[in-house]
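Thanks for coming. I have one structure to go through today, so please look at the screen.

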Amino acid sequence: LIAQALQQHKSLKRLNISGNKLGDSPTSALADLLKYNKQMELLNLGDNQLTDAAARILAHALTLNASLHYFSLSKNKLTFQGSLKIMEALAYNNSLRTLDLTYNEVGEAIKILARVLPT
């Protein structure tokens, strides 16, 4: 409900809803926020029990977003597959400067990311 209300707030620049244990249910609404809010610069979704299913939905939204600078998915339930989807989206997103995937089970995905990112 809150995520749907936030979609109407087009000038929102920062949203920190970390630590709320939301699960995957609000992911589509949050993805719409990323797609349609042209001002969003910071989104912290850490510690919300998000899974790879949520990562796939958010990754698609990242490909359409041109304003986000900081995105945190730390302390969720992402695995290699979910983190790989997020990383694939980075090929289409030129605005993101910080991606926080700490405290997830991403395994080798971080090594892949380190190889493809510019130094």
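Leu 58 touches Thr 27, Leu 30, Ala 31, Leu 34, Leu 45, Leu 50, Phe 71, Leu 73 and Ile 86, with residues up to four places away in sequence not counted; contact means heavy atoms within 4.5 Å. This is a predicted model, in which local features need pLDDT of at least 70, side-chain atom pairs count only at pLDDT 80 or more, and totals for chains, interfaces and linings use all residues. Residues are numbered from 1 along each chain as its sequence is written, and side-chain values use heavy atoms, with hydrogens and water left out.

Leu 58 also belongs to the largest nonpolar core, which has 26 residues; Leu 45, Leu 58, Phe 71 and Leu 73 touch the most other members. Such a core is a set of buried Ala, Val, Leu, Ile, Met, Phe, Trp, Tyr and Cys residues joined through side-chain atoms within 4.5 Å. Buried means under 20% relative accessible area, exposed over 50%, and partly exposed in between, with a 1.4 Å probe and protein chains only. Helix H3 (52-64) gives this core its largest share, six residues. Helices here are DSSP runs of H or I, at least four residues, and strands are runs of E, at least two, numbered from the N terminus.

Now Asn 76, in the loop between strand S3 (70-72) and H4. Is Asn 76 buried or exposed? Asn 76 counts as buried, because its relative accessibility is 9%. Its side chain reaches the backbone nitrogen of Gln 49 at 2.9 Å, and a polar atom of that side chain lies 3.1 Å from the backbone oxygen of Leu 45.

Terms used:
A polar contact is a pair of N or O atoms within 3.5 Å; within protein, one must be able to donate a hydrogen and the other to accept it, and residues adjacent in sequence count only if both atoms are side-chain atoms.
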